Amino acid sequence: MEGPICYIVGAGTFYEEGFAPELGDFVIAADGGYQILLERGVTMDLVVGDFDSIGFRPDHPNVVDLPVEKDDTDMMAAIRLGRERGFRSFCLYGGTGGRADHTLANLQSLVWLSRRGCQASSSEMGGLPGRSPMGCGASVPGIGDSSRYSAWGTERRGSGCGGSNIRWRARRLPVISPWA
């Protein structure tokens, strides 16, 4: 990814692979992501949420309290705050493994970022680290001995997805999005 990265950690399943914030990066805990990062001793720059996942308001110097009833998920609110701070590269963690509606919303958040010219990836759901997935999203998270490759459209019809380190070699694979 180019430039400083905004890492956002939610309350879902946390795969640590690739989680390596560097100087200049920004780490946001979205609601229950606070507990995950606290347990790992990770320094957080911002904590955002309604905190229904953890049941208490975190003791942190930079907390953004969100109402329980809102139009965005806590993860999406964190993404918007990252964008307001000028970030264009995002890595989402803890976006799956819990509620199905949150998983789908987080996948749509990757599309939202992509459509705004941002680079976006997720440890669980994909993205193309290093370039903006304007036509597709892809994932090859090596978890244990298994890997997955997923593609989805960020535009009504995209092309350019592909890879060579997968079971079937593909180039310029067309991907159609039903919700673009």
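Helices (H or I, at least four residues) and strands (E, at least two) are DSSP runs, numbered from the N terminus. With that in hand, welcome to this predicted model, in which local features need pLDDT of at least 70, side-chain atom pairs count only at pLDDT 80 or more, and totals for chains, interfaces and linings use all residues. Residues are numbered from 1 along each chain as its sequence is written, and side-chain values use heavy atoms, leaving out hydrogens and water. The protein chain has 3 helices and 11 strands, and 48% of its 180 residues count as buried, meaning under 20% relative accessible area, with exposed over 50% and partly exposed in between (1.4 Å probe, protein chains only).

**Overall layout**

- Along the sequence, the elements of the protein chain come in the order β-β-α-β-β-α-β-α-β-β-β-β-β-β.
- Taking a contact as heavy atoms within 4.5 Å, residues 24 or more positions apart supply 42% of the contacts in the protein chain that have a separation of 6 or more.
- The protein chain exposes about 9,700 Å², and carbon and sulfur atoms supply 48% of that area; accessible areas come from the Shrake-Rupley method with a 1.4 Å probe, and for residues only the protein chains shown count as cover.

**Nonpolar cores**

- A nonpolar core is a set of buried Ala, Val, Leu, Ile, Met, Phe, Trp, Tyr and Cys residues joined through side-chain atoms within 4.5 Å.
- The largest such core has 22 residues, and C6, I8, I28, V48, I79, F90 and L113 have the most contacts inside it.
- Two or more residues of this core come from each of β1 (5–9), β2 (26–30), β3 (46–49), α2 (74–84), β5 (89–93) and α3 (100–115).
- Among these elements, α2 gives the largest share of the core, with 6 residues.
- Another core lies apart from this one and has 17 residues, including V9, V27, Y34 and V47.

- Two strands pair if DSSP finds at least two bridges between them; β1 and β5 run parallel and are joined by 5 bridges, with I8 having L92 as its bridge partner in β5.
- β5 also pairs in the parallel sense with β6 (residues 119–122), over 4 bridges, and here L92 has S122 as its bridge partner.

**Cysteines**

- A disulfide is a covalent bond between the sulfur atoms of two cysteines.
- Counting a pair of cysteine sulfur atoms within 2.5 Å as a disulfide, a search of the whole structure finds 0 of them.
- The sulfur of C91 is too far for a bond, because the closest cysteine sulfur, in C6, is 9.2 Å away; C91 is buried at 10% relative accessibility.
- C118 is in no disulfide either, and its nearest cysteine sulfur, that of C6, is 9.9 Å away; C118 is buried at 0% relative accessibility.

**Two residues with positive phi**

- Most residues other than glycine have a negative phi, and most peptide bonds are trans.
- D31 is not a glycine, yet has a positive phi of about 50°; D31 sits in the loop between β2 and α1 (33–40) and is buried at 3% relative accessibility.
- F51, also a residue other than glycine, has a positive phi near 65°; F51 is in the loop between β3 and β4 (63–65) and is buried, with a relative accessible area of 5%.
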